[in-house]
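Q: I have a structure open and have not looked at it before. Can we go through a few spots?
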Amino acid sequence: MRKLIVSMNVTLNGFMAGPNSELDWHFKSWDEEMAHAITLQLSAADTILLGRITYSIMARYWPSIASAQFTCRHDLDFADMMNRYDKVIFSTTLSSVDEWRNARLAKKNIEEEIAELKQSRGKEMIIYGSGQMVSSLITMNLIDEYRIWIHPVIINQGRPFFPFLSGSINLKLRHSTAFGSGVVLLCYERIS
C-alpha cells in the first residue's frame with residue numbers, strides 16, 4: 001500500500017501560514033542544504049496531491065522555473081519532478097487543471113480518492129501546502145507520515161497546522177534532521 005505523506009513548513013508556534021496566507025517567514029531560512037533534502041524527499045514519491053489554492057500558485061511557478069537560466073541544480077531537479085510527476089487536485093470549484101502537465105482533478109470525494117490512490121501502484125504520495133485539504137485529511141486520520149519543517153520563527157497570528165481534533169492521533173518519531181539554518185525537520189509516522 002502506498003503511503004500518504006504531508007510535508008509542511010511551520011513556525012515554531014505551529015502556524016503553516018500567516019493570517020492572509022503569507023509565507024515570507026519561511027524563505028528567510030531556506031538554504032541549499034534544505035533544497036537538497038526536499039529534493040531527495042520528493043524523489044521517493046511519484047504523485048503530488050494539492051488543493052485548489054496551492055495548485056493555482058504552483059501551476060504558475062513550476063513550469064516556468066524548469067526553463068529558468070540561472071537556477072541551481074537542486075531547484076532544477078525538484079522542478080523536473082514537480083512538472084513530471086502525476087498531480088491530483090482536490091477542488092469543487094475548478095473545472096480544469098490543463099495548465100500544468102500531468103495534473104488531473106480528483107473524481108471522487110476525498111476519502112474515496114485517497115483510498116483508491118493508496119491501493120494503486122506507485123511510489124509515495126506527497127502533499128505540499130494545501131492547508132484546508134491537509135486539515136481534512138488529519139481529521140479523517142488518512143495521513144501516514146508527517147514531515148514537519150519547523151522554522152526558527154514565531155509569528156503573532158496565522159493559520160495553525162493542526163486543526164481542532166475531537167480525539168488524538170498517535171505518532172512515532174522516525175527521524176529528525178537539524179539544518180545549519182536552524183530549521184529542524186521532524187518525520188513522524190502514524191501508529192495504527
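Q: Start with S130. Which backbone nitrogen does the side chain of S130 reach?
A: That of G51, at 2.8 Å. Bear in mind that this is a predicted model.

Q: Where does S130 lie?
A: S130 is in the loop between β6 (124-128) and α6 (131-139).

Q: Buried or exposed?
A: S130 counts as buried, because its relative accessibility is 6% and the cut-off for buried is under 20%.

Q: What is S130 in contact with, leaving aside its neighbours within four places in sequence?
A: With L49, L50, G51 and T54.

Q: On to β6, then. How many residues of β6 are buried?
A: 5 of the 5, so the strand is largely enclosed by the rest of the structure.

Q: Which residues are on which side?
A: E124, I126 and Y128 are on one side of β6, with M125 and I127 on the other. Both faces are covered. In general, side chains in a regular strand alternate between the two faces of the sheet.

Q: Which strands does β6 pair with?
A: Strand β1 (residues 4-11) pairs with β6 in the parallel sense over 4 bridges. Strand β3 (residues 45-51) also pairs with β6 in the parallel sense, over 4 bridges.

Q: What is the bridge partner of I5 in β6, and what does T47 stand opposite?
A: I5 has I126 as its partner, and T47 stands opposite M125.

Q: New topic: how many aromatic pairs are there in the whole structure?
A: A search finds 8. One of them is formed by Y55 and W100, which are tilted, with 35° between the planes and 6.1 Å centre to centre.

Q: What sits over the ring of W100?
A: The charged end of K87, 4.7 Å from the ring centre.

Q: Which residues do ring pairs link into a cluster?
A: Y61, W62, F78 and Y128.

Q: Last one, α2. Which of its residues are buried?
A: M34, A35, A37, I38, T39, Q41 and L42. At the start of α2, a side-chain oxygen of D31 comes to within 3.2 Å of the backbone nitrogen of E33.

Notes:
Residues are numbered from 1 along each chain as its sequence is written. This is a predicted model: local features need pLDDT of at least 70, side-chain atom pairs count only at pLDDT 80 or more; totals for chains, interfaces and linings use all residues. Side-chain values use heavy atoms; hydrogens and water are left out. Helices (H or I, at least four residues) and strands (E, at least two) are DSSP runs, numbered from the N terminus. Buried means under 20% relative accessible area, exposed over 50%, partly exposed in between (1.4 Å probe, protein chains only). A polar contact is a pair of N or O atoms within 3.5 Å; within protein, one must be able to donate a hydrogen and the other to accept it, and residues adjacent in sequence count only if both atoms are side-chain atoms. Contact means heavy atoms within 4.5 Å. Rings of Phe, Tyr and Trp (its six-membered ring) pair if their centres lie within 6.5 Å; planes under 30 degrees apart count as stacked, over 60 as edge-to-face and the rest as tilted. A charge sits over a ring if NZ of Lys or CZ of Arg is within 6 Å of the ring centre and within 35 degrees of the ring normal. Two strands pair if DSSP finds at least two bridges between them.
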